[in-house]
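Here is a short report on one protein chain. Look at the sequence and the model first, then read on.

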Amino acid sequence: MYTYFEVIAGSHGQMYYANLKCHNGYLVISSTSKFNCSIKLSDIIYVTQSDFLGTKVYSFNYQGAQLKFFENGLGIGEYLRNQFKDVLVKL
């Protein structure tokens, strides 16, 4: 699933467009902008769901940075909600 996401570290934020895939217990993020990583799903303590300009935003902290995934297109919100259902907190 492709979507926009933002990485915020300290006072610096960077937007990316990437493919998200959950596979074998990992969230795999592949971006054309050289941001690629695999995050173990069990390392994510909680995910917040909030609204931003009429779309859902899913956020969590990982290794000192905040990652925000924006619902972009059909299916991405449902996919993220399903993957994070055990740790999702709605704001």
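Glu-71 and Arg-81 form a salt bridge, with their closest N and O atoms 3.5 Å apart. The pair links distant parts of the chain: Glu-71 sits in the loop between β7 (65-70) and α1 (76-83), while Arg-81 sits in helix α1, 10 residues apart. Both ends are partly exposed: Glu-71 has 26% relative accessibility, and Arg-81 has a relative accessible area of 30%. Note that this is a predicted model.

Side chains of opposite charge can pair when their charged atoms come close. In this chain the count of salt bridges comes to 2. Besides Glu-71 with Arg-81, there is Lys-56 with Asp-51, whose closest N and O atoms are 2.9 Å apart. Asp-51 is exposed, because its relative accessible area is 55% and the cut-off is over 50%. Lys-56 is partly exposed, at 26%.

**The overall fold**

The chain has 1 helix and 8 strands. From the N terminus, the order of elements is β-β-β-β-β-β-β-α-β. The C-alpha trace spans about 35 × 25 × 25 Å along its principal axes. What radius of gyration does the chain have? The value is 12 Å, which agrees with the figure near 12 Å for a compact globule of 91 residues.

Buried residues make up 34% of the 91 residues. The accessible surface comes to about 5,700 Å², and 50% of that belongs to carbon and sulfur atoms. Take the contacts between residues at least 6 apart in sequence: 41% of them join residues at least 24 apart.

Leu-80 lies in helix α1. Is Leu-80 buried or exposed? Leu-80 is buried, with a relative accessible area of 1%. Leaving aside neighbours within four places in sequence, Leu-80 is in contact with Leu-20, Tyr-58 and Phe-69. Leu-80 and Tyr-58 are 22 residues apart in sequence, yet their C-alpha atoms are 7.8 Å apart in space.

Phe-69 is found in strand β7. Phe-69 is also buried, with a relative accessible area of 1%. Not counting residues up to four places away in sequence, its contacts include Thr-3, Tyr-4, Phe-5, Leu-20, Leu-27, Ile-29 and Leu-80. Lys-56, a salt-bridge partner of Asp-51, is also among the residues that Phe-69 touches. Val-47 is 22 residues from Phe-69 along the chain, and their C-alpha atoms are separated by 10 Å.

**Aromatic pairs**

The count of aromatic pairs comes to 9. One of them joins Tyr-2 and Tyr-17: this pair is stacked, 5.8 Å centre to centre, with 20° between the planes. Tyr-2 lies in strand β1 and Tyr-17 in strand β2, so the pair ties together parts that are 15 residues apart in sequence. Tyr-17 is partly exposed, at 37% relative accessible area.

Tyr-16 pairs with Phe-35. Their ring centres are 4.9 Å apart and their planes are at 35°, so the pair is tilted. This pair links distant parts of the chain: Tyr-16 is in strand β2, and Phe-35 is in the loop between β3 (26-31) and β4 (36-40), 19 residues apart. Tyr-16 is buried, because its relative accessible area is 16% and the cut-off is under 20%. Ring pairs link Tyr-16 and Phe-35 with Phe-5, Phe-60, Phe-69 and Phe-84 into a cluster.

| Ring pair | Centre to centre | Angle between planes | Class |
|---|---|---|---|
| Tyr-2 and Tyr-17 | 5.8 Å | 20° | stacked |
| Tyr-16 and Phe-35 | 4.9 Å | 35° | tilted |

**A nonpolar patch**

Which residues form a nonpolar patch on the surface? They are Tyr-2, Tyr-4, Met-15 and Tyr-17, and together they have about 430 Å² of accessible area. Strands β1 (2-9) and β2 (12-23) each supply at least two residues of the patch. Tyr-4 has its place in strand β1. Tyr-4 is partly exposed, with a relative accessible area of 41%.

Conventions. Residues are numbered from 1 along each chain as its sequence is written. This is a predicted model: local features need pLDDT of at least 70, side-chain atom pairs count only at pLDDT 80 or more; totals for chains, interfaces and linings use all residues. Side-chain values use heavy atoms; hydrogens and water are left out. Patches are made of residues with over 30% relative accessible area and no salt bridge: like charges are joined within 9 Å, nonpolar side chains (Val, Leu, Ile, Met, Phe, Trp, Tyr) within 5 Å. Accessible areas come from the Shrake-Rupley method with a 1.4 Å probe; for residues, only the protein chains shown count as cover. A salt bridge is a side-chain nitrogen of Lys or Arg within 4 Å of a carboxyl oxygen of Asp or Glu. Helices (H or I, at least four residues) and strands (E, at least two) are DSSP runs, numbered from the N terminus. Buried means under 20% relative accessible area, exposed over 50%, partly exposed in between (1.4 Å probe, protein chains only). The radius of gyration is taken over C-alpha atoms; the globule rule is 2.2 Å times the number of residues to the power 0.38. Contact means heavy atoms within 4.5 Å. Rings of Phe, Tyr and Trp (its six-membered ring) pair if their centres lie within 6.5 Å; planes under 30 degrees apart count as stacked, over 60 as edge-to-face and the rest as tilted.
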